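Trainee: Could you take me through the salt bridges here, slowly and in plain words? I'd like to see where the partners sit.

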Amino acid sequence: LEKVSAVFLRLEHPVAWGSVDDRPADLLFALFAPPSDGAEHLRALAAASRALRAPALREQLRRAETVDAVRALFIKDEARAA
């Protein structure tokens with residue numbers, strides 16, 4: 001990896017995984033970073049965490065029908081937060 005990269009998955013069937021609220025997970029977000037990254041991955045993780053706390057964004061992600069629609073939601077949220 002040359003830079004921080006993210007993967008977003010929306011599961012068709014939510015998975016129980018022992019969460020604090022005991023609700024199954026259907027939205028997954030993973031970050032990957034090169035060892036030389038420093039703290040950039042922490043900034044990306046904080047931004048993703050803030051974004052995904054919003055119930056409206058989570059519902060929009062669940063309803064998005066294309067990869068481009070999902071990408072647009074994340075870009076829109078990032079621009080709003082800036």
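Mentor: Following the sequence, the protein chain runs in the pattern β-β-α-α-α, so to speak two strands and three helices, where helices (H or I, at least four residues) and strands (E, at least two) are DSSP runs numbered from the N terminus. Keep in mind that this is a predicted model, where local features need pLDDT of at least 70, side-chain atom pairs count only at pLDDT 80 or more, and totals for chains, interfaces and linings use all residues. Residues are numbered from 1 along each chain as its sequence is written, and side-chain values use heavy atoms, with hydrogens and water left out.

The C-alpha trace of the protein chain spans about 35 × 30 × 20 Å along its principal axes. Of its 82 residues, 21% count as buried; buried means under 20% relative accessible area, exposed means over 50%, and partly exposed is in between (1.4 Å probe, protein chains only).

Now, the salt bridges. Side chains of opposite charge can pair when their charged atoms come close. The cut-off used here is a side-chain nitrogen of Lys or Arg within 4 Å of a carboxyl oxygen of Asp or Glu. Searching the whole structure turns up four of these salt bridges.

Start with D26 and R62, whose side chains meet at 2.6 Å, N to O. This pair ties together distant parts of the chain: D26 belongs to strand β2 and R62 to helix α2 (residues 55-63), 36 residues apart. What about cover? D26 is buried, at a relative accessible area of 13%, while R62 is partly exposed, at 28%.

Next, go to helix α1. E40 makes a salt bridge with R43, and their closest N and O atoms are 3.0 Å apart. The two are three residues apart in helix α1 (residues 40-52), so about one helical turn separates them. E40 is partly exposed, with a relative accessible area of 37%.

Helix α3 has a pair of its own. R71 and D68 come together in a salt bridge at 2.9 Å, N to O. Both lie in helix α3 (residues 67-81), three residues apart, about one turn of the helix. R71 counts as partly exposed at 45% relative accessibility, and D68 counts as exposed at 53%.

Let's step back to the charges of the whole chain. There are 12 positive and 12 negative ones, and their mean positions are 5 Å apart. For that count, Lys and Arg are positive, Asp and Glu are negative, and His and the chain ends are not counted; the place of a charge is NZ of Lys, CZ of Arg, CG of Asp or CD of Glu.

Residues 24 or more positions apart account for 43% of the contacts with a separation of 6 or more, where contact means heavy atoms within 4.5 Å.

So, to recap your tour: D26 and R62 link strand β2 with helix α2, E40 and R43 pair up in helix α1, and R71 and D68 do so in helix α3.
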